[in-house]
Amino acid sequence: MKVNVSGCSVEEAMRLLGGRWRLLIVSYLVDGPKRLNELHRDITGISQRSLTLDLRALEKSGLVKRTVWPSAPVRVDYELTLDGKRLKPVINVMKEFGMWLKQKS
């Protein structure tokens with residue numbers, strides 16, 4: 001991950017959540033755990049590789065928890081941690097802003 005060069009708190013948040021997909025992934029996990037294939041179906045246009053890499057980065061940062069269930073076939077769930085759930089107000093503001101942008105167009 002890139003280093004925060006300015007020391008700015010916004011840059012620190014963008015360092016973690018920046019990119020095309022991470023905040024969108026978090027938005028789909030706000031309502032509860034999902035399996036990898038569910039996320040892949042929900043997020044149109046994301047490649048399996050991008051989804052996996054971004055989930056790993058979010059997991060490494062402590063925002064997403066990965067649970068592997070011992071079954072055949074193996075079941076893997078992704079869910080927000082307590083830290084990840086702190087992003088819910090951010091998601092709500094982004095949704096509201098997105099709806100405003102759509103109406104403006």
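Which residues lie nearest the centre of the largest pocket? I found L36, N37, R66, V76 and Y78 there, out of 13 lining residues.

This is a predicted model, in which local features need pLDDT of at least 70 and side-chain atom pairs count only at pLDDT 80 or more, while totals for chains, interfaces and linings use all residues. Residues are numbered from 1 along each chain as its sequence is written, and side-chain values use heavy atoms, without hydrogens and water.

Pocket. I noted a volume of about 230 Å³, that is, the space filled by probe spheres set on grid points joined across faces, edges and corners. A pocket here is an open set of points on a 1 Å grid where a 1.4 Å probe fits, with protein on both sides within 12 Å along at least five of seven lines; lining residues have an atom within 4 Å of a point. α4 supplies the largest share of the lining, four residues. By class I logged five nonpolar, two polar (Gly counts here) and six charged (Asp, Glu, Lys, Arg) residues.

Core. I then listed the largest nonpolar core, which has 20 residues. Such a core is a set of buried residues (under 20% relative accessible area, 1.4 Å probe) joined through side-chain atoms within 4.5 Å. L17, I25, L29, L55, L58, V64 and Y78 touch the most other members. α2 gives the most, four residues. Leaving aside neighbours within four places in sequence, L55 is in contact (heavy atoms within 4.5 Å) with I25, L36, L39, V64 and Y78.

Definitions and conventions:
Helices (H or I, at least four residues) and strands (E, at least two) are DSSP runs, numbered from the N terminus. Buried means under 20% relative accessible area, exposed over 50%, partly exposed in between (1.4 Å probe, protein chains only).
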